[in-house]
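Reader: Hi! Could you walk me through this one before I get to work on it?

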Amino acid sequence: MPEYQRAQKEYRKTNALSGRNKNPDHFDERRTHHLNEALRYSLKFLRLAEKNHGSNSDICCVAHQGLAGILWTARLREKTVYHMGVALKIAEKVYRMQTDGSSERIDQIRRQYDMYRTTTPSAECLELEDDVRAGLSRNSATRKCDASGCNQVEGVDGCTLMKCSKCASQRYCSPECQRAEWPNHKGQCKRIAAIAREMEADKGEQKRKNKEDKKFQRQLKGERP
Ligand SMILES: [Zn+2]
Ligand SMILES: [Zn+2]
């Protein structure tokens, strides 16, 4: 069994355990442990899927979705929205090219993404164990040129990948590759850029809310006799 499948199996086991205790009032020790474990395996699954299938693969979309689901249970909203956003971006790329039921799948992911964006979970969030926190903040693993038929990998033979300046989600080893891929990428580029803008706007909104919260707290303190 490939390593990432084993990781996925383990993750399912721990996720099932943490699911036994839905919507508790707080994260007790046992639940904290299971959720950290579920996140650990989910991250491992994602990294292995990236390594074996590339970061824009169907399986990575599933991995980001799975990770977002656990992050939501852990009430880590910002990270949830980020990973669901990435899943949506990949779905836009991967499923558009398929013929059967692909748009349904994208719609389903978009609904989930919108739900995560617009619902506010209760304030308490999971305490992350150190290695899990580090794993969640690490950037994506190795990437290859996104032009079909080109197999240049970043960092190999002096290859440096350049981002598509419009959507920042495709990367190419050369202007030639970017030009060659443009007819395939044109449509999705627009949609992905739109999703990226929404994600940015959300970040701004969150920052504004945090600022307001802090201001309110200060006012409260100031009004104390
Ligand atoms: Zn290339
Ligand atoms: Zn683009």
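Author: Happy to! A quick definition to begin: helices here are DSSP runs of H or I with at least four residues, numbered from the N terminus. Please also keep in mind that this is a predicted model.

Reader: Good to know. How many helices and strands are there in the protein?

Author: The protein has seven helices and two strands. Along the sequence the pattern reads α-α-α-α-α-α-β-β-α.

Reader: And what does the pLDDT look like for the protein?

Author: The average pLDDT is 81, and 85% of the residues score at least 70. Confidence is lowest in helix 1 (residues 3-19), with a mean of 66, and highest in helix 3, with 91.

Reader: Thanks. What share of the residues counts as buried?

Author: Of the protein's 225 residues, 31% count as buried. As for contacts between residues at least 6 apart in sequence, 61% of them join residues at least 24 apart.

Reader: Let's talk helix packing. How do helix 2 and helix 3 pack?

Author: Helix 2 (residues 29-53) packs against helix 3 at an angle of about 165 degrees, and their axes are 9 Å apart. That angle is over 145 degrees, which makes helix 2 roughly antiparallel to helix 3. Their crossing is left-handed.

Reader: Which residues make that contact?

Author: From helix 2 the contact takes in Leu 35, Ala 38, Leu 39, Ser 42, Leu 43, Phe 45, Leu 46, Ala 49, Glu 50 and His 53, and from helix 3 Ile 59, Cys 60, Ala 63, His 64, Gly 66, Leu 67, Ile 70 and Thr 73. By class, the contact of helix 2 with helix 3 has 12 nonpolar, five polar and one charged residues.

Reader: Nice. What about helix 3 and helix 4, at what angle do they cross?

Author: They cross at roughly 160 degrees, and the axes of helix 3 and helix 4 come within 8 Å. Helix 3 and helix 4 are therefore roughly antiparallel, and the crossing is left-handed.

Reader: Which residues meet there, in helix 3 and helix 4?

Author: On the helix 3 side they include Cys 60, Cys 61, His 64, Leu 67, Leu 71 and Trp 72, and on the helix 4 side they include Thr 80, His 83, Met 84, Ala 87, Ile 90 and Val 94. The contact of helix 3 with helix 4 has 12 nonpolar, four polar and two charged residues.

Reader: Next pair, then. How do the axes of helix 4 and helix 5 cross?

Author: The axes of helix 4 (residues 77-94) and helix 5 (residues 102-118) cross at roughly 160 degrees and come within 9 Å. Helix 4 and helix 5 are therefore roughly antiparallel to each other. The crossing of helix 4 and helix 5 is left-handed.

Reader: What classes of residue does the contact of helix 4 with helix 5 have?

Author: Residues of helix 4 in this contact include Val 81, Met 84, Leu 88 and Glu 92, while those of helix 5 include Arg 105, Ile 109, Arg 110, Tyr 113 and Arg 117. By class, the contact of helix 4 with helix 5 has nine nonpolar, three polar and four charged residues.

Reader: Changing topic: what is the phi of Arg 75?

Author: Arg 75 has a positive phi of about 60 degrees, although it is not a glycine. Arg 75 sits in the loop between helix 3 (58-73) and helix 4. Arg 75 is partly exposed, with 16 other C-beta atoms within 10 Å.

Reader: I also noticed Gln 178. Is Gln 178 buried or exposed?

Author: Gln 178 lies in helix 7 (residues 175-223). Gln 178 is buried, because 20 other C-beta atoms lie within 10 Å and the cut-off for buried is 20 or more.

Reader: Which residues is Gln 178 in contact with, leaving aside neighbours within four places in sequence?

Author: With those neighbours left aside, Gln 178 is in contact with Cys 164 and Tyr 172. Gln 178 and Asp 146 are 32 residues apart in sequence, and their C-alpha atoms are 8.3 Å apart.

Reader: Last one: where is Trp 182?

Author: Trp 182 is in helix 7 too. Trp 182 is partly exposed, with 14 other C-beta atoms within 10 Å. The C-alpha atoms of Trp 182 and Ala 147 are separated by 8.7 Å, and these residues are 35 apart along the chain.

Technical notes:
Residues numbered from 1 in each chain as written. Chains lettered and ligands numbered in written order. Predicted model: local features only at pLDDT ≥ 70, side-chain atom pairs only at ≥ 80, totals over all residues. Axes fitted to C-alpha atoms, helices over the stretch in contact; angles between N-to-C directions. Parallel < 35°, antiparallel > 145°, perpendicular 65-115°, else oblique. Left-handed = near helix turned anticlockwise from the far one by under 90°. Contact = placed C-beta atoms within 7 Å. Nonpolar A, V, L, I, M, F, W, Y, C, P; charged D, E, K, R; others polar. Buried ≥ 20, exposed ≤ 12 C-beta atoms within 10 Å, placed from the backbone. pLDDT = per-residue confidence, 0-100.
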